[in-house]
Amino acid sequence: MAKNNPIGIFDSGVGGLTVASAIHQLLPFESFIYFGDTRHAPYGDKSKSTILDYSRRISRFLVESDCKCIVVACNSASAMAYKELKQDWPEVPILNVVEPVVNEVARLKARKVGVVATRATVRSQVYSKQLQKLDVDLKVVQKATPLLAPLVEEGFAGTEVSTGVLAHYLADPALKDLSHLILGCTHYPLLQAEFEHYLGQDVQVINSAEMVARRLQQMLSEKGLLRELNTAPKLHFYVSEKTKAFSKTARLFFGQEIKLSEKLLPA
């Protein structure tokens, strides 16, 4: 892998742009190619075989685009496809969004951890299994929150709609007395302030994007793949279906104006 090749990043939609933004802020000279599968979003209600098929097709596109590594910026794909992608492309460093968060929460000596995520991520038990491997006494409760990703995609973050849906989900008695809450979907950082307001100061809300960016920096450094050129990076943003709504939401996720190009999911 060439040091100056781009980083590949993909998600089921535009939510993974929160991860792309964190990577860009930490590694401003790195180029990257982002692919959001907006035509098939969200992945959270789909089967493992379907998520794996989409993930493989996107990863093949990124590998054939000479990406030096791949960041699976989607919790559902991280839970359902990561192991298979590692097997498919053993020569390509691949990072998921789950492990950096699990390692950080274990380091924080959490007492009771809540996980809010898509149905696919909750069904996989990926967070609870990995957390309890590191701390067998840790109590982990999970809550599927399927309305949140499409709500964010449609631009309803920070509105009465998101407030009502969030209150409904977080009223679950299982989520009482948390010490930490993991936002187990890359769409959810746009709702972080609302989560924090509802839960109060006693609950630390965990946003994965910065943790993933730091782990990526460490991984690239260990493998000698940090970009050497201190010149303007090339940033490419692809979505499988482009709409005005996605373009507007993409600005919110990435934090600045970006140009989305439409590209059908590779065969």
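**Close-up views of a predicted model**

A search of the whole structure, which is a predicted model, finds seven aromatic pairs. The views below start with one of these pairs and then visit other parts of the chain.

**View 1. Y43 and Y54 form a tilted aromatic pair.** A pair of aromatic rings is described by the distance of the centres and the angle of the planes. Here the ring centres of Y43 and Y54 lie 5.6 Å from each other, and the planes make an angle of 35°.

**View 2. F32, F237 and F254 come together in one aromatic cluster.** To find this group, look for the rings of the three residues F32, F237 and F254.

**View 3. Helix α1 packs against helix α10.** Helix α1 covers residues 17–26 and helix α10 covers residues 208–222. Their axes are 8 Å apart and meet at an angle of about 50°, so α1 and α10 are oblique to each other. The crossing of these two helices, α1 and α10, is right-handed. On the α1 side, the contact is made by T18, V19, A22, I23 and L26. Helix α10 brings A209, E210, V212, A213, R214, L216 and Q217. Sorted by class, the contact of α1 with α10 has eight nonpolar residues, two polar ones and two charged ones.

**View 4. Helix α6 (residues 126–134) has four residues to look for: V126, Y127, S128 and L131.** Are V126, Y127, S128 and L131 buried or exposed? They are the buried residues of helix α6. What do the buried residues of α6 pack against? Their neighbours include the helices α3 (75–88), α4 (99–107) and α5 (119–124). The strands β5 (112–117), β6 (139–144) and β7 (180–184) are also packed against by the buried residues of α6.

**View 5. R111 lies in the loop between α4 and β5.** R111 has a relative accessible area of 55%, and a value over 50% counts as exposed, so R111 is exposed. Leaving aside residues up to four places away in sequence, R111 touches L138, K139, D177, L178 and S179. How far apart are R111 and V122 in space, C-alpha to C-alpha? The distance between R111 and V122 is 20 Å, and they are 11 residues apart in sequence.

How values were computed
Residues are numbered from 1 along each chain as its sequence is written. This is a predicted model: local features need pLDDT of at least 70, side-chain atom pairs count only at pLDDT 80 or more; totals for chains, interfaces and linings use all residues. Side-chain values use heavy atoms; hydrogens and water are left out. Axes are lines fitted to C-alpha atoms, for helices over the stretch in contact, and angles run from 0 to 180 degrees between N-to-C directions. Angles under 35 degrees count as roughly parallel, over 145 as roughly antiparallel, 65 to 115 as roughly perpendicular and the rest as oblique. A crossing is left-handed if the near helix is turned anticlockwise from the far one by less than a right angle, and right-handed if clockwise. Contact means heavy atoms within 4.5 Å. Ala, Val, Leu, Ile, Met, Phe, Trp, Tyr, Cys and Pro count as nonpolar, Asp, Glu, Lys and Arg as charged, and the others, Gly among them, as polar. Rings of Phe, Tyr and Trp (its six-membered ring) pair if their centres lie within 6.5 Å; planes under 30 degrees apart count as stacked, over 60 as edge-to-face and the rest as tilted. Buried means under 20% relative accessible area, exposed over 50%, partly exposed in between (1.4 Å probe, protein chains only).
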